[in-house]
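Here's a quick briefing to read with the model open beside you. Take a look at the fold first, then come back for the details.

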Amino acid sequence: MKNTIKVERAIKDMTQQELAVAIGVSRQTINSIESGKYVPSTVLALKIAAYFGKTVDEIFQLEEGD
């Protein structure tokens, strides 16, 4: 699953740590999601999307084989 979290963070000029604190997870979790190593739970995906004022579909996209 790919995502646009890094792009959304850049638009807001924020670090992984700042996003992590804002949504209540570790910086490592944000890093793992951004790099595609970890697929977030539905609740976490909704929190991330809501934080950026986007839909889950705008942030996360399925890749072939997902």
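Predicted model: local features only at pLDDT ≥ 70, side-chain atom pairs only at ≥ 80, totals over all residues.

A quick definition to start: helices here are DSSP runs of H or I with at least four residues, numbered from the N terminus. The rest is grouped by topic below.

**The nonpolar core**

- The largest nonpolar core has 14 residues, and the members that touch the most others are I5, L19, I48, F52, I59 and F60.
- Helices α2 (16-23), α3 and α4 (42-52) each put at least two residues into this core.
- The largest share is from α4, with five residues.
- As general background, nonpolar side chains in soluble globular proteins tend to be buried together.
- What does I48 touch, leaving aside its neighbours within four places in sequence? I48 is in contact with I5, I23, I33, I59 and F60.

**Helix α2**

- Q16, L19, A20 and I23 are the buried residues of α2.
- They sit on the same side of α2, because they cover an arc of only 100° around the axis.
- That buried set packs against α1 (5-12), α3 and α4.

**Helix α3**

- In α3, the buried residues are I30, I33 and E34.
- Looking down the axis of α3, you'd find these buried residues within an arc of 95°, so they line one face of the helix.
- The cover over them includes β1 (2-3), α1, α2, α4 and β2 (60-61).
- After α3 comes G36, with a positive phi near 80°.

**E34, a buried glutamate in α3**

- E34 belongs to helix α3, which spans residues 27-34.
- Is E34 buried or exposed? Its relative accessibility is 19%, and the cut-off for buried is under 20%, so E34 counts as buried.
- The E34 side chain makes a polar contact of 2.9 Å with the side chain of Q16, and Q16 is itself among the buried residues of α2.
- Not counting residues up to four places away in sequence, E34 touches N3, I5, K6, R9 and Q16.

**E8, a buried glutamate in α1**

- You'll find E8 in helix α1.
- E8 has a relative accessible area of 9%, so E8 is buried.
- Setting aside neighbours within four places in sequence, E8 contacts F52, K54 and I59; F52 and I59 are among the core residues that touch the most other members.

**D13 and its phi**

- Most residues other than glycine have a negative phi.
- D13 is not a glycine, yet has a positive phi of about 55°.
- D13 lies in the loop between α1 and α2.
- With 70% relative accessibility, D13 counts as exposed, because the cut-off for that is over 50%.

**The cavity**

- How many cavities of 30 Å³ or more are there? The count comes to one.
- The largest cavity has a volume of about 40 Å³.
- Its lining is made up of M1, N3, I33, G36, Y38 and V39.
- Some of these names have come up already: I33 is one of the buried residues of α3, G36 is the positive-phi residue following α3, and N3 is among the residues that E34 touches.

Methods. Residues numbered from 1 in each chain as written. Heavy atoms only, no water. Buried < 20%, exposed > 50% of the residue type's maximum accessible area, 1.4 Å probe, protein only. Polar contact = N/O pair within 3.5 Å; in protein donor to acceptor, adjacent residues only side chain to side chain. Contact = heavy atoms within 4.5 Å. Core = buried A, V, L, I, M, F, W, Y, C linked by side-chain atoms within 4.5 Å. Arc of directions from axis to C-beta. 1 Å grid on protein atoms, 1.4 Å probe; cavity = no way out; pocket = protein on both sides within 12 Å on 5 of 7 lines; lining within 4 Å. Points joined across faces, edges and corners; volume = space filled by probe spheres on them.
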